[in-house]
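Here is a friendly walk through a model with two chains in view. Keep the viewer open and follow along.

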Amino acid sequence: MSLEDLEAIRQLKARYFRFVDTKQWDRWGELFTEDAVLDVPLVRGEPLRGRPAITDRVRQGLTPMITVHHGHMPEIELAGSDRARGLWPMYDRLLTTTNELTADPAVSGFGPRYEGFGHYVEEYARGEDGRWRIARCELRRLHLETERHRRDVDGSLPETVTQEVG
Amino acid sequence: MNIEEIEAIKQLKARYFRYLDTKQWDRWGDVFTQDAVLDHPANRSEPLRGRGQIVETVSAGLANRVTIHHGHMPEIEITGEGTAKGIWAMYDLLLGPTPDGHGEARYEGYGHYLERYEKGADGKWRIAHLHLRRLHLEIEQHKRDLDLSAFEQWERA
């Protein structure tokens, strides 16, 4: 076990969180290998494959939100000299910042706001430049709290809003 | 990369949080260099300068508040002989009276500490510069506003 490599991977994950929350998308993309896979509930269906697809989709999804991501208590294992895998318990808070009331009751209201708990299950690879990058990132939720405030001017029961899980 | 120095700085920041939240102000002051700067632009426009002013101002501001501070995901880099810099993601919860003293306020904050560290002649790392930047702050206030004069006026009418 190389303590230096473990620390480098912890700092890699710290930059992953910091560049997401401060929305520095080019620097964020650089933390992934070119052929990385991102599999998170924010993205419906198939996992995202490749750095450009990952960066574009996440930038699009998170730009209109205030986000806070924290990681805790990593378990990281080196597998050979240039591969590693890790588990990170995580907490995140996502707040939609466009809360305008509109005339259309279907889209009117504010939110959604999410508070989430779970684990990142990850694989890392060291490039020829000596830097560790994320090769695979999968987010498994333990719990997600969603808060929505819908205007319901006609008094009918609001549609279930469970389809918008971030 | 020097793992022992990085670990020492992580424990320095742990003591910063612990002494702050347990209000051990003398010990908290010793985590700063004598000429340290504490810059929290969202809270006060001018940075606090020097250990004395930092301890005096922060201890007075938090004296009657419950505080919880957590740090996460440090990125620490040794930049030279006895110098280092670091970034910490942070969360804090502050409970106490509203500024006017007529109610209770709850502040829940998220952000980053951007810091520089120096190692003293005694071999101990200290915080030389602390800059807190917020990502998000939630404020909840419960104010007492019980003025009976309007009710008395209504009774008399």
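In this predicted model, chain B has an open sheet of 6 strands in the order β2-β1-β6-β5-β4-β3, with mixed pairing. Strands here are DSSP runs of E with at least two residues, helices are runs of H or I with at least four residues, and both are numbered from the N terminus. Two strands pair if DSSP finds at least two bridges between them. The edges of the sheet are β2 (48-49) and β3 of chain B; each has a single partner strand, so one side of each is left without a neighbour in the sheet. α1(B) packs on this sheet, where it touches β3, β4, β5 and β6 of chain B, and its direction makes about 160° with that of β3(B). Helix α1 (residues 3-21) of chain A also lies across β3, β4, β5 and β6 of chain B, running at about 115° to β3(B). For these angles, axes are lines fitted to C-alpha atoms, for helices over the stretch in contact, and the values run from 0 to 180 degrees between N-to-C directions.

A word on conventions: residues are numbered from 1 along each chain as its sequence is written, and chains are lettered from A and ligands numbered from 1 in the order in which they are written. Because this is a predicted model, local features need pLDDT of at least 70 and side-chain atom pairs count only at pLDDT 80 or more, while totals for chains, interfaces and linings use all residues.

In chain A, strand β4 (residues 75-78) and strand β5 (residues 83-96) pair in the antiparallel sense over 4 bridges.

| Hairpin | Residues between the strands | Glycine with positive phi |
|---|---|---|
| β4(B) and β5(B) | 5 residues | Gly101(B), about 80° |
| β5(B) and β6(B) | 5 residues | Gly123(B), near 85° |
| β4(A) and β5(A) | 4 residues | Gly80(A), near 80° |

Glu115(B) in β5(B) stands opposite Gly86(B), and its bridge partner in β6(B) is Leu130(B). Tyr113(B) stands opposite Leu132(B) in β6(B). In chain A, the bridge partner of Leu78(A) in β5(A) is Ala84(A).

Which residues have the most contacts inside the largest nonpolar core? They are Ile134(A), Ile9(B) and Ile127(B), in a core of 42 residues. The largest share of this core, 5 residues, comes from strand β4 (residues 83-97) of chain B. Such a core is a set of buried Ala, Val, Leu, Ile, Met, Phe, Trp, Tyr and Cys residues joined through C-beta atoms within 7 Å. Buried means that 20 or more other C-beta atoms lie within 10 Å of a residue's own, exposed means 12 or fewer, and partly exposed is in between, with C-beta atoms placed from the backbone. Not counting residues up to four places away in sequence, Ile127(B) touches Tyr16(B), Val31(B), Phe32(B), Ala36(B), Glu115(B) and Tyr117(B). A contact requires C-beta atoms, placed from the backbone, within 7 Å.

Where the chains meet, the contact takes 14 residues from chain B and 17 residues from chain A. On the side of chain B, α1 (3-21), β3 (66-80), β4, β5 (103-119) and β6 (125-143) each supply at least two residues. The largest share of that side, 4 residues, comes from β3(B). Its residues divide into 10 nonpolar, 3 polar and 1 charged. In this count Ala, Val, Leu, Ile, Met, Phe, Trp, Tyr, Cys and Pro are nonpolar, Asp, Glu, Lys and Arg are charged, and the others, Gly among them, are polar.

Chain A has 3 helices and 7 strands, following the pattern α-α-β-β-α-β-β-β-β-β along the sequence. Buried residues make up 23% of its 166 residues. Thr55(A) is found in helix α3 (residues 51-62) of chain A. Thr55(A) counts as partly exposed because it has 19 C-beta neighbours inside 10 Å. Leaving aside neighbours within four places in sequence, Thr55(A) is in contact with Trp25(A), Trp28(A) and Gly29(A).

Finally, confidence: the mean pLDDT of chain A is 86, and 80% of its residues reach 70 or more. Over residues 161-166 of chain A the pLDDT is below 50. The pLDDT is the predictor's confidence in each residue, from 0 to 100. Where pLDDT is low, the predicted coordinates should not be read in detail.

Terms used. Two residues are in contact if their C-beta atoms, placed from the backbone, lie within 7 Å.
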